[in-house]
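Open the structure in a viewer with the sequence alongside. The tour below goes from selection to selection.

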Amino acid sequence: MTARLSQLPRSWRVFALLALACNHAPAADLAAQWQRMGAYDYAGPNQVFARTEGRESRLGEAVSLLNLQPRTARNIDRAAVLLDEVAGVDPGDELGISARYLRARIEEVHRPEAQPAEAARRYLELIRTGGAHPFAQQAAVRLSLLKLYPLAEAATPSERVAAAVALGVGLTDPSAIRDHALLVGQACLYYQLPLALAQRHLECALAAGVLNPSIRADLLVTLGEVARELGDASRAERAYRAYLKENPQGDRTSAVKRRLAELPASPVAPPSPP
């Protein structure tokens, strides 16, 4: 399961992580239900999880309820109750941490009216107690997002970004490092902070490994534009050429080629003395 995790589409990863979140190997039928939900089938797994005993089944039932269509307040409320039950048994084990992360997500994105303050409270508690668990590290990313935009507790954009940067200190999970760096870099651009600051965080995200082709393409073009604005023709050229190599038929190929042609020629090194 761990080896397959990195190969899954981004939208599948939460299900792969949750399938790992148990103290024993899941029953074959339960494992199949997680795979079905990874393929966006929720109705069947909901029925299986609902009639199966155990904390993993309650977790699976909650996930299915959050994704059943049409989404209803009743299903969201029921999912919240199930997640609280799972976390209540042991908030610090794998299933408990997973349930707490999803419980915070309910307040952030699933309620008819988002509750960012409550989501932030839950994420912060998970960060403080979840250690190096991937969901605890992703909680730092989610809390950074809330502090940058919907909460915006700090008075100035610079202070908001600084608060988000502080939440990223100590991250060790590669996915969390990447997501956090990308988030902060984009916030620097959104708030029109110094381009060099945005560049540093965006370069960090690229180095951490952006696998999603669309996000990676956007990042390469953005890095090219930022470097061009900073007068760093060499770095701009590398970013543009990387985009063209990876996206020969991309919708921005013509524009990127024009940008390349507009860059000043790289200086030619003088010949070595005989």
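Select residues 55–67, which form helix α5. This is a predicted model. From its first C-alpha to its last, the 13-residue helix α5 reaches 19 Å, close to the 18 Å expected at 1.5 Å a residue.

Now show the surface around α5.

Next, pick Leu 59, Leu 83, Tyr 101, Ile 106 and Tyr 123. Within the largest nonpolar core, which has 35 residues, these five touch the most other members. To see where this core comes from, colour α3 (28–38), α5, α6 (73–89), α7 (94–110), α8 (116–129) and α9 (134–148): each supplies at least two of its residues.

Stay with Ile 106 and display its surroundings. Leaving aside residues up to four places away in sequence, Ile 106 touches Leu 66, Ile 76, Ala 79, Ala 80, Leu 83 and Arg 111.

Then move to Ala 181, Leu 223, Leu 260 and Leu 263. These residues are included in a second, separate core of 20 residues. In soluble globular proteins, nonpolar side chains tend to be buried together.

Finally, zoom out to the whole protein. There are 15 helices and zero strands. Of the 274 residues, 44% count as buried. The protein exposes about 14,200 Å², and carbon and sulfur atoms supply 56% of that area. Among contacts between residues at least 6 apart in sequence, 49% join residues at least 24 apart.

Note on methods: Residues numbered from 1 in each chain as written. Predicted model: local features only at pLDDT ≥ 70, side-chain atom pairs only at ≥ 80, totals over all residues. Heavy atoms only, no water. Helix = DSSP H or I, 4+ residues; strand = E, 2+ residues; numbered from the N terminus. Buried < 20%, exposed > 50% of the residue type's maximum accessible area, 1.4 Å probe, protein only. Contact = heavy atoms within 4.5 Å. Areas by Shrake-Rupley, 256 points an atom, 1.4 Å probe, with all protein chains shown as cover. Expected span 1.5 Å × (residues − 1). Core = buried A, V, L, I, M, F, W, Y, C linked by side-chain atoms within 4.5 Å.
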